Amino acid sequence: MKIAVLALQGAFIEHEKMLQGLGVETFEIRQLHDWQQQKDALIIPGGESTTQLKLLKDLNLLKTIKDSIEDGLPVFGTCAGLILLAKKVIGEDFDRISTMDITVCRNAYGRQTGSFYTEAPIKNIGNKIPMTFIRAPYIKSVAENTEVLATVEGHIVAAREGNQFVTAFHPELNQDPTIHKFFIEQVCKKIKV
């Protein structure tokens with residue numbers, strides 16, 4: 001198995017380390033030619049979604065990535081990655097990757113000082129999953145075909161839709177590999193390993 005990690009900005013190295021610790025080969029997507037490598041899945045990390053979106057457009061990666069996800073490539077988006085995958089972000093009316101039928105509130109927990117850590121259950125994953133929220137979004141609503149996996153303080157913070165999985169928090173910033181193991185299992189089912 002080989003998982004691509006979008007490495008334009010944000011916490012991509014932490015995702016790579018988590019995957020490598022689980023014995024999964026990774027490589028970074030920094031340019032359009034990187035995308036030509038064989039891959040079984042993609043991770044879009046947390047960071048600054050506006051910066052990542054600008055770079056995706058400037059590097060001609062946006063449509064290519066969108067098309068691959070729509071064709072079934074498994075993708076895991078954390079924080080900014082969740083925002084980039086959302087079809088709708090409240091207060092913003094412009095194109096992103098926009099493949100997941102969710103509506104998102106950006107920076108929903110306020111500024112950096114509003115960052116926090118908690119533990120909460122995630123459906124089909126575990127009962128006490130570590131969650132680090134940094135200027136995090138949350139999912140305000142989901143479409144019928146989207147499964148809500150976790151809520152914190154009444155807000156949706158993890159969801160799944162077909163080949164797409166998102167979290168509003170940063171699982172890569174904790175030592176617990178449970179979330180990444182779950183994603184790897186989903187990729188294995190998709191590629192029938």
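The model is predicted, so local features need pLDDT of at least 70 and side-chain atom pairs count only at pLDDT 80 or more, while totals for chains, interfaces and linings use all residues. Residues are numbered from 1 along each chain as its sequence is written, and side-chain values use heavy atoms, with hydrogens and water left out. The structure holds 11 salt bridges, a salt bridge being a side-chain nitrogen of Lys or Arg within 4 Å of a carboxyl oxygen of Asp or Glu.

- Arg96 is found in the loop between strands β5 (86-89) and β6 (100-105); strands (E, at least two residues) and helices (H or I, at least four) are DSSP runs, numbered from the N terminus.
- Arg96 has a relative accessible area of 3% and is buried. Buried means under 20% relative accessible area, exposed means over 50%, and partly exposed lies in between (1.4 Å probe, protein chains only).
- The side chain of Arg96 makes a polar contact of 2.7 Å with the side chain of Glu92, and the side chain of Arg96 also reaches the backbone oxygen of Phe94 at 2.9 Å. A polar contact is a pair of N or O atoms within 3.5 Å; within protein, one must be able to donate a hydrogen and the other to accept it, and residues adjacent in sequence count only if both atoms are side-chain atoms.
- Not counting residues up to four places away in sequence, Arg96 touches Leu53, Leu62, Ile83, Leu84, Ala86 and Val89, where contact means heavy atoms within 4.5 Å.

**A salt bridge within one helix**

- Asp58 and Lys54 form a salt bridge through their side chains (2.6 Å, N to O). Because the two residues are four apart in helix α2 (residues 49-58), about one helical turn separates them.
- Asp58 is partly exposed at 46% relative accessible area, whereas Lys54 is exposed at 51%.

**Salt bridges between separate elements**

- A salt bridge joins the side chains of Glu92 and Arg106 (3.1 Å, N to O). Glu92 lies in the loop between β5 and β6 and Arg106 in the loop between β6 and β7 (116-122), so the pair ties together parts that are 14 residues apart in sequence.
- Arg160 and Glu147 also meet in a salt bridge (2.9 Å, N to O). This pair links distant parts of the chain, with Arg160 in strand β11 (residues 155-161) and Glu147 in strand β10 (residues 147-152), 13 residues apart.
- Arg160 is buried at 19% relative accessible area, and Glu147 is partly exposed at 22%.
- Salt bridges that share partners join Glu48, Glu92, Arg96, Arg106 and Arg135 into one network.
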